[in-house]
Amino acid sequence: MSGRYANQIKIDNLTKGTLGYYPEIVQEYYRKISGLQASSRHVFVNNIKRYVDYLRDNGVDVNGDWYLHITSDDIIIYLDSIKVRKLKNGTEKIISDTSILNVWNALHNFFEFLVKKKYIEENPTDDAKDSH
């Protein structure tokens, strides 16, 4: 087994190992993006997991159809909330516009999956792209 292939399996196993704590829709999304490189799947799914964690931390019940109630304003507020990250040593780090765009891309891809599966009618990230 090549080192690269072994690394892909390691990344996949790491990602899959954390999905049990998240709603089934996130797990379904992970299965849908199986054609992407493991590292890309890991990044996309981790961004979705962070958003779900953010929702949980803000009192949203993420069991069930929580995604039906997400608006572009919710996405904008979330993107604004992650522009500064508090590090373990207590200092703050400003997150680059490119990193914020990467988060938006992951959210957009996730919600686009929900539109294509007909879980939702419109992608709430569409109106949020230029706002961050």
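How many nonpolar, polar and charged residues are in the lining of the largest pocket? By class, that lining has 8 nonpolar, 3 polar and 4 charged residues. The model is predicted. The protein has 132 residues, and buried residues make up 39% of them.

**Overall layout**

- The protein contains 5 helices and 2 strands.
- Read from the N terminus, the order of elements is α-α-α-α-β-β-α.
- Take the contacts between residues at least 6 apart in sequence: 60% of them join residues at least 24 apart.

**Largest pocket**

- The largest pocket holds about 300 Å³ of space.
- Its lining counts 15 residues. Closest to the centre are Arg50, Tyr78, Ile82, Arg85 and Val103.
- Helix α3 gives the largest share of the lining, with 6 residues.
- At least two lining residues come from each of α3, α4, β1 (84-86) and α5 (97-116).
- Arg50 and Tyr78, both among the residues closest to the pocket centre, also take part in the contact of α3 with α4.

**Helix α3 against helix α4**

- Two packed helices are described by the angle between their axes and the distance between the axes.
- Helix α3 spans residues 38-57, and helix α4 spans residues 72-81. Their axes come within 12 Å and cross at roughly 100 degrees.
- Angles of 65 to 115 degrees count as roughly perpendicular, so α3 is roughly perpendicular to α4.
- On the α3 side, the contact residues are Asn47, Arg50, Tyr51 and Tyr54. On the α4 side, they are Asp74, Ile75, Ile77, Tyr78 and Ser81.
- By class, this contact of α3 with α4 has 5 nonpolar, 2 polar and 2 charged residues.

**Helix α2 against helix α5**

- Helix α2 covers residues 24-32. The axes of α2 and α5 are 11 Å apart, and the two helices pack at an angle of about 95 degrees.
- That angle makes α2 and α5 roughly perpendicular to each other.
- Helix α2 contributes Ile25, Val26, Glu28, Tyr29 and Lys32 to the contact. Helix α5 contributes Ala106, Asn109, Phe110, Phe113 and Leu114.
- The residues of this contact of α2 with α5 divide into 7 nonpolar, 1 polar and 2 charged.

**Ile48, a buried residue in α3**

- Ile48 is found in helix α3.
- Where does Ile48 stand, buried or exposed? Ile48 is buried, with a relative accessible area of 1%.
- Leaving aside residues up to four places away in sequence, Ile48 touches Val26, Tyr29, Ala106, Leu107 and Phe110.
- Val26 and Tyr29 also belong to the α2 side of the contact with α5. Ala106 and Phe110 belong to the α5 side.
- Ile48 and Asn109 lie 61 residues apart in sequence. In space they are 9.7 Å apart, C-alpha to C-alpha.

- Lys118 lies in the segment after α5.
- The phi angle of Lys118 is near 65 degrees, a positive value in a residue other than glycine.
- Is Lys118 buried or exposed? Lys118 is exposed, with a relative accessible area of 73%.

Note on methods:
Residues are numbered from 1 along each chain as its sequence is written. This is a predicted model: local features need pLDDT of at least 70, side-chain atom pairs count only at pLDDT 80 or more; totals for chains, interfaces and linings use all residues. Side-chain values use heavy atoms; hydrogens and water are left out. Axes are lines fitted to C-alpha atoms, for helices over the stretch in contact, and angles run from 0 to 180 degrees between N-to-C directions. Helices (H or I, at least four residues) and strands (E, at least two) are DSSP runs, numbered from the N terminus. Angles under 35 degrees count as roughly parallel, over 145 as roughly antiparallel, 65 to 115 as roughly perpendicular and the rest as oblique. Contact means heavy atoms within 4.5 Å. Ala, Val, Leu, Ile, Met, Phe, Trp, Tyr, Cys and Pro count as nonpolar, Asp, Glu, Lys and Arg as charged, and the others, Gly among them, as polar. On a 1 Å grid over the protein atoms alone, a cavity is a set of points where a 1.4 Å probe fits but cannot get out, and a pocket is an open set with protein on both sides within 12 Å along at least five of seven lines; lining residues have an atom within 4 Å of a point. Grid points are joined across faces, edges and corners, and a volume is the space filled by probe spheres set on the points. Buried means under 20% relative accessible area, exposed over 50%, partly exposed in between (1.4 Å probe, protein chains only).
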